[in-house]
Amino acid sequence: MFIGEGPGFNEDRQGRPFVGPAGQFLDELLLSIGLKREDVFITNMVKCRPPNNRDPFPGEISACSRYLDAQIDSIKPTVIVPLGRHALARWFPRDSISKVRARPRVFDGITIFPLYHPAAALHNGALRATIEADFAKLGALLREREEHGTPSEDDAQDEAGGSQQLSMF
């Protein structure tokens, strides 16, 4: 399950997440690790486009959280990929995407694997290679899980060495 920030102009018009330039790059990234859009579930933190494409406010994220909770409960993903800082903040509100990207953590059996939002490469071309390399790490993680199964919660620990629990807020 990939979770972005919110719909942009193209997404708002089409009613489908990641269909604009960032979505095209996401499709390329998925293909680079042997996946197609049909193989994954893609959604956003907020379900409506914020005015002037601004960052979503905390109240907007909170108002939409029950919809995201329902999607997570329905899909039952074993891996969630928060794309960008707003999605990351759902699980790690104090962490910076630049510091925790491409580092898996497990909460209640769900691996959280934060990555830069694909749009970051559109705004800063220097990040493209980093995003591609991070996606390769995601591909390796998924291949490892396919070959050896899902790690247990006891196997995954945070950087401090302690087990963590998923906080769904």
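View 1. Helices (H or I, at least four residues) and strands (E, at least two) are DSSP runs, numbered from the N terminus. The model is predicted: local features need pLDDT of at least 70, side-chain atom pairs count only at pLDDT 80 or more, and totals for chains, interfaces and linings use all residues. Residues are numbered from 1 along each chain as its sequence is written, and side-chain values use heavy atoms, with hydrogens and water left out.

View 2. Ala22, Gly23, Phe25, Leu26, Leu29 and Leu30 are the buried residues of H2. They lie on the same side of H2, because they cover an arc of only 160° around the axis; the arc is that of the directions from the helix axis to the C-beta atoms. On the other side, Leu31 and Ser32 are exposed. Buried means under 20% relative accessible area, exposed over 50%, and partly exposed in between (1.4 Å probe, protein chains only). An α-helix has 3.6 residues a turn, so residues three or four places apart point the same way.

**View 3. Length and end of H2.** The 12 residues of H2 should span 16 Å at 1.5 Å a residue, and the 17 Å between its end C-alpha atoms agrees with this. The expected span is 1.5 Å times one less than the number of residues. Gly34, with a positive phi near 80°, follows H2.

**View 4. Salt bridge between Glu28 and Arg128.** The closest N and O atoms of Glu28 and Arg128 are 2.9 Å apart. Glu28 lies in helix H2 (residues 21–32) and Arg128 in helix H7 (residues 128–148), so the pair ties together parts that are 100 residues apart in sequence. Glu28 is partly exposed at 44% relative accessibility, as is Arg128 at 32%. Glu28, Arg128 and Glu132 are linked in a network of salt bridges. A salt bridge is a side-chain nitrogen of Lys or Arg within 4 Å of a carboxyl oxygen of Asp or Glu, and the structure holds eight.

**View 5. Salt bridge between Asp134 and Arg101.** The closest N and O atoms of this pair are 2.8 Å apart. Asp134 lies in helix H7 and Arg101 in the loop between helix H5 (97–100) and strand S4 (105–107), so the pair ties together parts that are 33 residues apart in sequence. Asp134 is buried at 2% relative accessibility, whereas Arg101 is partly exposed at 23%.
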